[in-house]
Amino acid sequence: MTKLSKFLSEAFRGRRVLVTGHTGFKGSWLCIWLNELGAEVTGVGLDPYSERDNFVLSGVGQRLKADIRADIRDGRRMAEIMAACQPEVVFHLAAQPLVRLSYELPVETYETNVMGTIHVMEAMRRTDSVRVGVMITTDKCYENREQIWGYRENEPMGGYDPYSSSKGCAELAISSWRRSFFNPLDYGTKHHVSLASVRAGNVVGGGDWAKDRIVPDCIRALEAGKPIDIRNPKAIRPWQHVLEPLSGYMLLAAKMLQEPTAYCEGWNFGPRAESITPVWEVAERIVKYYGRGELRDVSDSNALHEASLLMLDISKARVRLGWEPRTDIERCCQMTADWYRRYTSENVYDLCVEQINDFAG
């Protein structure tokens, strides 16, 4: 067992954990990992996006302590669930996560990403068992100036599109709740909650079928025997395998359990510098490791605005948490393509555990 695996196992074995958004892409992988660590996991989320989602194919919901369908916009319901399961650790991943969909559903995007986050924090505030809250937002929460260096955790929040802006607003709400209700200076007297927010890059991996994401778009085209249409080939993103940020989230939560007032702030969990590459190059690698396919540039000058350049500075996580990205862009794309090549013929839960063990190990 590696140092990381041992540390996480000791932190989460037998621990009551609540994961919002557990039916989603990142949430399903997090639940599988936590389950393997021996945590008692309660998942709260909407129905999965499709029957091919990692959550469905892996069957992880059947392995959890509780698999609950609920909308985080329902504050009363969130409070009831939190009171019933009495979690010690909360990972809040539930969100409307798509930039392009946020143009179609801006109000719902803000209701989910801002008010939903507030409802989760209010439920935590009223549940005595909660000790740690890790609130997942996004790298797009920063006011993007298309700068060529990475954003640090103390830079201004912002966002052009409704999705990015809603996540910037969520970060401001998290900061307010941390100061107002979960202030580290009041820990042990007025409250017992350590609250942090985390920001990751463009996450890829097996079992994601969302619209307007490069890897699902690639796989759908490959399975249909069609060319892969790339609408924004020159856009540069900080690509990382889903297990990278999840390892950071869990490492942070474990550290917060040990030292409740030392880590309650914002954290970046991005990839290595060489993994910050254009969309086209990522699609090329997916084709390479999948074993077939062709790309087609369908750039549209009238397309909805999306950031062209966005990078994270991960110095703080590296220095203070001892967290490092474990994969480069090649390994990231290889692991991702491998999942999609194998998911139709193998036990998906075992496939995920295999990748988790290889990653952590």
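For sorting residues by class, Ala, Val, Leu, Ile, Met, Phe, Trp, Tyr, Cys and Pro count as nonpolar, Asp, Glu, Lys and Arg as charged, and the others, Gly among them, as polar. The model is predicted.

A search of the whole structure turns up one cavity of 30 Å³ or more. The volume of the largest cavity is about 30 Å³. Its lining comprises five nonpolar, three polar and two charged residues. Trp-239, Pro-271, Pro-325, Ile-329 and Cys-332 belong to this lining and count as nonpolar. Gln-240, Ser-275 and Thr-327 also line the cavity, as do Glu-244 and Asp-328. Two elements, strand S9 (236–241) and helix H12 (329–342), each supply at least two of the lining residues.

Stay with strand S9, where His-241 sits. Is His-241 buried or exposed? His-241 has a relative accessible area of 0%, so this residue is buried. Leaving aside residues up to four places away in sequence, His-241 touches Val-203, Val-204, Gly-205, Thr-327, Cys-332, Met-335, Thr-336 and Gln-355. Thr-327 and Cys-332 are also among the residues that line the largest cavity.

Now turn to helix H8, residues 214–224. Its buried residues are Ile-214, Val-215, Pro-216, Cys-218, Ile-219, Ala-221 and Leu-222. In an α-helix there are 3.6 residues a turn, so residues three or four places apart point the same way. The buried residues of H8 pack against S9 and H12. They also pack against strand S7 (202–204), strand S8 (228–230) and helix H10 (279–290). After H8 comes Gly-225, with a positive phi near 70°.

Conventions:
Residues numbered from 1 in each chain as written. Predicted model: local features only at pLDDT ≥ 70, side-chain atom pairs only at ≥ 80, totals over all residues. Heavy atoms only, no water. 1 Å grid on protein atoms, 1.4 Å probe; cavity = no way out; pocket = protein on both sides within 12 Å on 5 of 7 lines; lining within 4 Å. Points joined across faces, edges and corners; volume = space filled by probe spheres on them. Helix = DSSP H or I, 4+ residues; strand = E, 2+ residues; numbered from the N terminus. Buried < 20%, exposed > 50% of the residue type's maximum accessible area, 1.4 Å probe, protein only. Contact = heavy atoms within 4.5 Å.
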